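Colleague: I am new to this structure. Could you walk me through it, one question at a time?

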Amino acid sequence: MFDLILRNCNLPDGRRGIDIGIRDGRIAAVETALAGEAGDVIDAAGQLVTPPFVDAHFHMDATLSYGLPRVNQSGTLLEGIALWGELKPLLTQEALVERALAYCDWAVAKGLLAIRSHVDVCDPRLLAVEALLHVKDKVRPYLDLQLVAFPQDGVLRSPGALDNLKRALDMGVDVVGGIPHFERTMADGVESVRILCELAVERGLPVDMHCDESDDPLSRHIETLAFHAQRLGLQGRVTGSHLTSMHSMDNYYVSKLLPLMAEAGVAAVANPLINITLQGRHDSYPKRRGMTRVPELLAAGIPVAFGHDCVMDPWYSLGSGDMLEVAAMGLHVAQMTSQDGMRACFAAVTATPARILDLDGYGLEPGCRADLVLLQAADPVEALRLRATRLLVLRAGRIVARSPAAVATLNLPGRPSHVDFSLRT
Ligand code: FE2
């Protein structure tokens, strides 16, 4: 006896016509022609059912603040940083909570049920930390929120930042963050990586650093991060986010760097929407794309996820919590148009970040939590092409969001009455 059976599902690994039986909030069976009674049955009609989207890199303390206190007119990183500096003293805990909860609503509607968010710890009031810890508790029934203590202004450069960061960890923040390329000197950047990795060991926590988000080919803090990950036995628990300088690095150097990252068990997160807009802004032509070397990292056996980074905040005026939009941009920027490449891009917003975040019970095997998204698409590639509608979103076997199928009606002589943008009729 099942609580719910989803019949005739296509799965991301290519299996078709599969039934998924759900009992007590967990996946109980995944097979063809599943026998047994069910309280409810949903016909997936040969459409894709996937575990939920996962965002490995976000800034929930800044999200949905677009226009506060003013709009970023130039759309550049530097004006964004200046704007965030203007906004920070005006932040209130209430407003932070309200905006974060509103974003989580958007996320759930888009089938995004797990987010790793950095939270700025440079304000000694730690307002944003308190607010997001509150939000984390509040959304727990429907969304997994993981927090990173992020010293936006540099853990060494910003007075008191290391103490604030430690206090944030004491309060329950899950991951140690950093921003070595923003320290005053290369040497300070290197030192910040050592301090923060040793702190992570002391606290038994993972590390996720903004690393080398720069067009400077000599910004090589990822090497130091990988070195300390290996030295301290942190394999599988360290992530380098952005890594955009790798785009501009010398090829010979990268051929030595990638095996080091692989041996050190360091994961990578690229943020395609942000980095295609913010990097290369000092270039004339040719203009660098600035995203890290995604296919090469993957070929070296390094897990690569795509993050959204920003939605309607001082750095990015766009976005809606749609991880298919993120993946589609990553696919284009990295030229990952091979069949394997497109599937890897879908994995970069689902299974891969789930692994990086070490999410409990994520997946499609019996025993996993019944967190599922029914998409209006036959397979992952079609989902990417169409930014497919999330017809149903389930959390622990319960429907938490639904959207009507996207269909356009036509009024053309001799043509069908509607069009649904798939090749199926
Ligand atoms: Fe970021």
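**Questions and answers**

Colleague: Are H210 and D309 buried or exposed?
Modeller: First, the ground rules: this is a predicted model, local features need pLDDT of at least 70, side-chain atom pairs count only at pLDDT 80 or more, and totals for chains, interfaces and linings use all residues. Residues are numbered from 1 along each chain as its sequence is written, and side-chain values use heavy atoms, with hydrogens and water left out. Buried means under 20% relative accessible area, exposed over 50%, partly exposed in between (1.4 Å probe, protein chains only). By that scale, H210 and D309 are both buried.

Colleague: Which protein donors hold the iron ion?
Modeller: Donors are N, O and S atoms within 2.8 Å of the metal (3.2 Å for Na, K and Ca); water is not among the atoms, so sites may look incomplete. Here they lie 2.2 to 2.4 Å from the iron ion. They are H57 (NE2), H59 (NE2), H210 (NE2) and D309 (OD).

Colleague: Which parts of the chain does the pair H210 and D309 tie together?
Modeller: The donors follow the spacing H-x1-H-x150-H-x98-D. H210 lies in strand β9 (residues 207–211) and D309 in the loop between β12 (304–306) and α10 (323–333), so the pair ties together parts 99 residues apart in sequence. Helices (H or I, at least four residues) and strands (E, at least two) are DSSP runs, numbered from the N terminus. The parts are thus strand β9 and the loop between β12 and α10.

Colleague: Is Q152 buried or exposed?
Modeller: Q152 sits in the loop between β7 (144–150) and α4 (161–171). Leaving aside neighbours within four places in sequence, its contacts (heavy atoms within 4.5 Å) are W84, D120, C122, I179, F182 and W315. Its relative accessibility is 14%, so Q152 counts as buried.

Colleague: Why is strand β2 largely enclosed?
Modeller: Two strands pair if DSSP finds at least two bridges between them. β2 (residues 18–23) runs antiparallel to β1 (residues 2–10), with 4 bridges, and antiparallel to β3 (residues 26–31), with 5 bridges. The rest of the structure largely encloses β2 because 5 of its 6 residues are buried.

Colleague: Which residue in the turn between β2 and β3 has a positive phi?
Modeller: I20 has V30 in β3 as its bridge partner. β2 and β3 form a hairpin with 2 residues between them. The turn residue, with a phi of about 50 degrees, is D24.
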